[in-house]
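Hello,

I am handing this structure over to you. Please look at it first; my notes follow below.

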Amino acid sequence: MKKWLKDKLICPECINEGVLLDLNIKEEKEDDVTEGELSCSFCKRSYPIHKGVAVILPDTTMPVISDSSGYNSKNMLSSYLWSHFSDIFKDPCATDAYRVWSAFFKKSDGYALDIGCSVGRLSFELSKTHSHVIGIDTSISFIKKARELLFKKRLNFDLVIEGLITEERSCDFDTAWNYDRIDFIVADALRLPFRKKLFSTVTSINILEKVTRPIQHLIDINRVLSEEKSMFVFSDPFSWDESVSDSEHWLGGVSNGNGKSRGIDNVASLFLGKKGIFDPPLEITDRGNVSWKIRKTENLWEYINSQFIVGTRN
Ligand SMILES: C[S@@+](CC[C@H](N)C(=O)[O-])C[C@H]1O[C@@H](n2cnc3c(N)ncnc32)[C@H](O)[C@@H]1O
């Protein structure tokens, strides 16, 4: 974990704004803490830093890091490395979705937060325009890989072809990315371990439908987003799934209740101040669709229409 993160972190369990996490360094390499511990002097919980990876999760989310399936699986790593970087290693079928989302980022001397960053492409892009960038995800496999990319400044991985057959893919990274200003940590989108109003830009790309309490995700974004000169870049396919969250928690896709109607319209109303979730409200400066794809194997692809809204505060 980069040392510059130290005075930005609070405890995800007690969310006590007045108490920063204490950092105990056991091993360090230049500006990176490789072994150590963060601890909360208020609730006395501690969070490990091992091989450079800080895990700052609330108790209820902690089990996710020992699950080797889902977003921690080898196949998922291949899929997301392909999605995030296929345009750079010049795959003929590459997706340009991440360039489309990045085109909204504006020059700022503030901090940026990329929530559900996966293997980090948008965090790398955000480093071109922001003073510091923090990518967070609950997948320890993605965060380990994102940090490896950060230090090696190049990509190298085994792309799944079929079954256990893989092929190596590699490429050098963009020299305009500011690697020293980026870090990746394991943290929960529903319990962001950051002080309020810290970020001038927050991104939530294709994660709303993946969290158990979508409204809590937006409430937490409002807590950490600056009240002025800030931007929230949101995108989601709204493919609600009852195995992730009960339909009563969805923000769209049902005929009655809070989630009545289309997710994109409901989220747009929340941006504009409905229910006081975004306070102050966000002005919608852009809205549309991004064609995004995930490559699972040589023959299995997911084609996704991700609907985006860009909101700003002046
Ligand atoms: C559909 S993927 C999208 C990844 C990335 N934003 C992109 O568009 O390529 C959803 C991501 O959210 C992460 N995720 C799911 N639940 C999360 C949570 N509660 N907190 C943080 N990340 C979460 C997953 O591990 C995964 O990386």
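**Notes on the structure**

In this predicted model, residues 113-228 have end C-alpha atoms 16 Å apart, and the span is 26% helix and 34% strand. Helices here are DSSP runs of H or I with at least four residues and strands are runs of E with at least two, numbered from the N terminus. For this stretch, residues 113-228, UniProt lists "domain: Methyltransferase type" in an unreviewed entry. UniProt positions are in the numbering used here, the feature name is shortened, and the annotation may be inferred rather than shown by experiment.

On conventions: residues are numbered from 1 along each chain as its sequence is written, and side-chain values use heavy atoms, leaving out hydrogens and water. Because the model is predicted, local features need pLDDT of at least 70 and side-chain atom pairs count only at pLDDT 80 or more, while totals for chains, interfaces and linings use all residues.

Which atoms of Tyr 98, Ala 189 and Ile 205 lie by the ligand? An N or O atom in the side chain of Tyr 98 is 2.6 Å from a ligand oxygen. A polar backbone atom of Ala 189 is 2.8 Å from a ligand nitrogen, and a backbone N or O atom of Ile 205 is 2.7 Å from a ligand nitrogen. The protein covers 94% of the 590 Å² of accessible area (Shrake-Rupley method, 1.4 Å probe) that the ligand has on its own.

Two backbone details remain. Asp 279 and Pro 280 are joined by a cis peptide bond, with omega about 0°; Pro 280 is in the loop between helix 6 (263-271) and strand 12 (283-297). Ile 15, not a glycine, has a positive phi of about 40°, and Ile 15 is in the segment before strand 1 (22-29).

Regards

Conventions:
Polar contact = N/O pair within 3.5 Å; in protein donor to acceptor, adjacent residues only side chain to side chain.
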